[in-house]
Amino acid sequence: MSKSVEPLILAVAFVLVAGGVAAAGGPKKHDLGRPATAAEVKAWDIDVRPDGQGLPEGQGKVSDGEKIYAEQCAACHGDFGEGVDRWPVLVGGSGTLKSDRPVKTIGSYWPYASTVFDYVKRAMPFGNAQSLSNDQVYALTAYLLYMNEVIKDDNFVLSKNNFASIKMPNEKNFIADGRPDTPLVSAKAPCMKDCKAEVKITSRARVLDVTPKTKKKKTQ
C-alpha cells in the first residue's frame with residue numbers, strides 16, 4: 001500500500017468513529033476515579049486563615065512548646081532560633097526590613113500568627129511533616145511567638161479561642177491584593193514626551209551578592 005494512502009485511510013476511520021460516538025449520544029464514561037470521601041477531604045483541608053477560621057480543636061502551652069522545639073526543631077533552626085548553617089533564622093531581625101540586608105523572621109516579617117501555625121502543621125518538622133498533634137502545633141506556635149516576644153508570658157496557653165487576639169508586629173505592612181477586581185493603574189503615567197535618553201543608575205542590588213563588585217581604579 002502506498003504511504004500516501006495510509007493517512008487518508010486513518011482520517012476516514014477517525015471520522016467514522018467520531019460520528020459513531022456522536023450518534024450514540026456522546027462519549028461514554030470510563031468509570032475512572034471516584035468522589036473523595038469526607039475523611040479524605042478533611043485530611044487535605046488543613047489551611048488556617050488569619051481570622052482563625054480552619055483552626056482545629058486543641059491548645060498548647062509555651063513551656064510545652066519549648067520542649068517540642070528542642071526535640072524537633074533546634075537541630076536545624078538553632079537553640080535560640082538563630083538558624084544552623086543555611087537553615088532559616090526564626091528569631092530576631094526587628095527593625096531590619098528597611099535595611100540593605102533585611103532579616104525576615106517570624107517576629108520581624110511574618111504577617112499573622114496563622115501563618116506560623118499553618119506552616120508548622122503543614123510542613124514541619126522537616127522530613128516528618130504533619131507528624132505533630134494539634135496540641136503540639138499549638139504549643140510550638142506559642143513558643144515561637146514567645147521567642148519573638150509577641151507573647152510575653154511563658155505560661156500562656158494558645159488555643160482556638162484566643163488565637164485571633166495575637167497580633168504580629170509587621171501585620172500593618174501587608175495589604176490585601178484586590179486583583180483582578182482592581183484595575184492596573186500605574187502610580188505614575190509613563191513618559192510620552194521629552195523623555196530622557198539615558199537612565200542613570202543610582203544604586204545596585206547587593207543582597208546575596210548578585211551584583212559583582214566594581215574594581216577600583218588605581219591612582220597614579
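## Pockets in the model

A pocket is an open set of grid points where a 1.4 Å probe fits, with protein on both sides within 12 Å along at least five of seven lines. In this predicted model, the second largest pocket holds about 260 Å³ of space. Its lining is made of 17 residues, and those nearest its centre are Ser94, Gly95, Gly107, Ser108 and Pro169. By class, this lining has 10 polar, 4 nonpolar and 3 charged residues.

## The largest pocket

The largest pocket has a volume of about 350 Å³. It is lined by 21 residues, and the closest to its centre are His77, Pro88, Leu90, Tyr119 and Met124. Two or more lining residues come from each of α3 (62-72), α4 (74-77), α5 (113-123) and α6 (134-147). The largest share, 3 residues, is given by α5.

The lining of the largest pocket divides into 17 nonpolar, 3 polar and 1 charged residues.

Most residues other than glycine have a negative phi, and most peptide bonds are trans. Some places in this chain depart from that pattern.

The peptide bond from Met124 to Pro125 is cis, with omega near -5 degrees. Pro125 sits in the loop between α5 and α6. Met124 is also among the residues closest to the centre of the largest pocket.

Asp85, in the loop between α4 and α5, has a positive phi near 55 degrees. Asp85 counts as exposed because its relative accessible area is 75%, and the cut-off for exposed is over 50%. Glu149 has a positive phi of about 60 degrees and lies in the loop between α6 and β2 (157-159). Glu149 is exposed too, with a relative accessible area of 57%.

Technical notes
Residues are numbered from 1 along each chain as its sequence is written. This is a predicted model: local features need pLDDT of at least 70, side-chain atom pairs count only at pLDDT 80 or more; totals for chains, interfaces and linings use all residues. Side-chain values use heavy atoms; hydrogens and water are left out. On a 1 Å grid over the protein atoms alone, a cavity is a set of points where a 1.4 Å probe fits but cannot get out, and a pocket is an open set with protein on both sides within 12 Å along at least five of seven lines; lining residues have an atom within 4 Å of a point. Grid points are joined across faces, edges and corners, and a volume is the space filled by probe spheres set on the points. Helices (H or I, at least four residues) and strands (E, at least two) are DSSP runs, numbered from the N terminus. Ala, Val, Leu, Ile, Met, Phe, Trp, Tyr, Cys and Pro count as nonpolar, Asp, Glu, Lys and Arg as charged, and the others, Gly among them, as polar. Buried means under 20% relative accessible area, exposed over 50%, partly exposed in between (1.4 Å probe, protein chains only).
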